[in-house]
Each structure stands twice: as structure tokens, then as C-alpha cells.
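Take a moment with the model before reading on.

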Amino acid sequence: MARILIPTPLRQFAEKQDTVEAAGATVGEVLIALTVRYPDLKKQIYNDEGKLRSFVNVYLNDDDIRYLNKDATPVSASDTLSIVPSIAGGARGI
Amino acid sequence: MVNHAQVTYPNECCGAMIGTIDGDQKTVVHALALDNAAEGPQAAFYQLRPEDLLRADREARERKMDLIGIYHSHPDCGAYFSETDLKNSCPWYSFVVLSIQNARFDHANSWLPNAEQTHAEKEELTWPES
């Protein structure tokens, strides 16, 4: 079972837990197990097409899974997954 | 946050707000200054590295607190939530914008974007005067 760190604002969709354990051999399988258990959480991180929302990044320990093997990245019981948003902005464009 | 915004003037600064949440009330206890990673001119643009945000989340957990939001500055313009802010936001966090006029803090607002990144609600924001 891998650990998944739940960001503060999303804990309300995961029985107020800050960390959840879920089974799976790959990042994709772990995320499916997580979102099957917490369907309201799924709406926060996936869009209507079933893809991760544009601002959502997933880290396996310290590494962005986009630079590993994405959803197919292997996961072991000692691994930690984190859900991290992309954020930018600026004054231009009122 | 004010010091950070004034020191980085005329560029935009950015950072993470760590604190507590009690119902609808969020209290910032610690501001963690983060690098503005935007490539090119930073006078009207900021970008956070996700790995820095991951570090901020870990620091919040170590402090037994929560990562409650993001702050950034608008040099020589108001503390509105711009189209650029909205399109590059995330609906999970509060976004505090600090207006810096001629290198001095002028005013600030807090914003809560929706999931579709089409609208941001203004939140009540208060801070100590000193």
C-alpha cells in the first residue's frame, strides 16, 4: 500500500484524512483505488474526460511522474504520492 | 509577505501561506517566501515551481499546520485578480494579492477561484496594522 498525501483543501473529500493508503502496482492503479474510494475527490483532480485537471501534478516521492513513466510508473509500499497544483499568474490582464 | 513584496519590487514576488483553518476562518501564521520561477520579465508575472509547493506542504505538515494559500504581489497596480491569475490558479487555495505602489505596500485582497477558473470570489481579509 502506497501513501498518498492529501492537500488540506481536499481532505474534506477524503474523510478529513491528511494521508491515505491505497493499493496498486503503478501510480495509475493507486490513483484509481483512491478515487474509487473517494468519488468526490475524483471530481477535484480529474476533469469530465477522466484526465488529470490541467493544474494537477502528481509526485512520486520527490519526482514529477511526467518525467518518470507517468501513470505506468511502478509504485512500492514504501513510496509516497503527492498531489501538487501548478500555480502562476501576474498583474497583466484585468 | 509585505516585506517580501517590497524587497522584490519592481518584480512580482510569490510564496506560500501556512496556518490554521477553523471553519471558514483561515489564519496565516507563517509566510514562506518562494522563488518566482517565471522565465523572462517578472514585473507582471510569477510562476511557482511545483516542487517548491511540495516543500511548502511538507513544511506545513511538520509544523502541524495547513498550507492554506498562495500570495503574490502586483507592482504599481491594484490587488485585483487578473485574467492571468485566474487562468493559472487552482481552486483549492486562497490567493492573497498585495498591491505595491512605488515600492511601498498599499493594500491587499484575498481571492478564491472556482474549479473552472472562470471566476474568483473575494474573501474578507484582515491583518494586524503594525
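Predicted model: local features only at pLDDT ≥ 70, side-chain atom pairs only at ≥ 80, totals over all residues.

**A walk through the model**

B:Arg49 is partly exposed, with a relative accessible area of 32%.

Where does B:Arg49 sit in chain B? It lies in the loop that links strand 3 (46-47) to helix 2 (50-62). Now look at what surrounds it. Setting aside residues within four places in sequence, B:Arg49 is in contact with B:Asp35 and B:Ala37. With B:Asp35, the link is polar: the two side chains make a polar contact at 3.3 Å. B:Ala37 is 12 residues from B:Arg49 in sequence. In space, their C-alpha atoms are 6.4 Å apart.

Step back to the whole of chain B. How many helices and strands does it have? There are 3 helices and 7 strands. Read from the N terminus, the order of elements is α-β-β-β-α-β-α-β-β-β. The radius of gyration of chain B is 14 Å, close to the 14 Å that the globule rule gives for 130 residues, so the chain is as compact as a globular protein of that length. Its C-alpha atoms fill a box of roughly 35 × 35 × 30 Å along the principal axes.

What about the inside and the surface of chain B? Of its 130 residues, 50% count as buried. Take the contacts between residues at least 6 apart in sequence: 55% of them join residues at least 24 apart. The accessible surface comes to about 6,400 Å². Carbon and sulfur atoms account for 47% of that surface. Charge is the next thing to check. Chain B carries 10 positive and 20 negative charges.

Now turn to chain A. A:Leu52 is in the loop between helix 2 (39-45) and strand 3 (56-60). Is A:Leu52 buried, partly exposed or exposed? It is partly exposed, with a relative accessible area of 27%. Which residues does A:Leu52 touch, beyond those up to four places away in sequence? They are A:Ile45, A:Tyr46, A:Asn47 and A:Val58. A:Gly90 gives another reference point. It is 38 residues from A:Leu52 along the chain. The C-alpha atoms of A:Leu52 and A:Gly90 are separated by 24 Å.

Notes: Residues numbered from 1 in each chain as written. Chains lettered and ligands numbered in written order. Heavy atoms only, no water. Helix = DSSP H or I, 4+ residues; strand = E, 2+ residues; numbered from the N terminus. Buried < 20%, exposed > 50% of the residue type's maximum accessible area, 1.4 Å probe, protein only. Contact = heavy atoms within 4.5 Å. Rg over C-alpha atoms; globule rule 2.2 N^0.38 Å. Areas by Shrake-Rupley, 256 points an atom, 1.4 Å probe, with all protein chains shown as cover. Lys, Arg positive; Asp, Glu negative; His and termini not counted. Charge placed at Lys NZ, Arg CZ, Asp CG, Glu CD. Polar contact = N/O pair within 3.5 Å; in protein donor to acceptor, adjacent residues only side chain to side chain.
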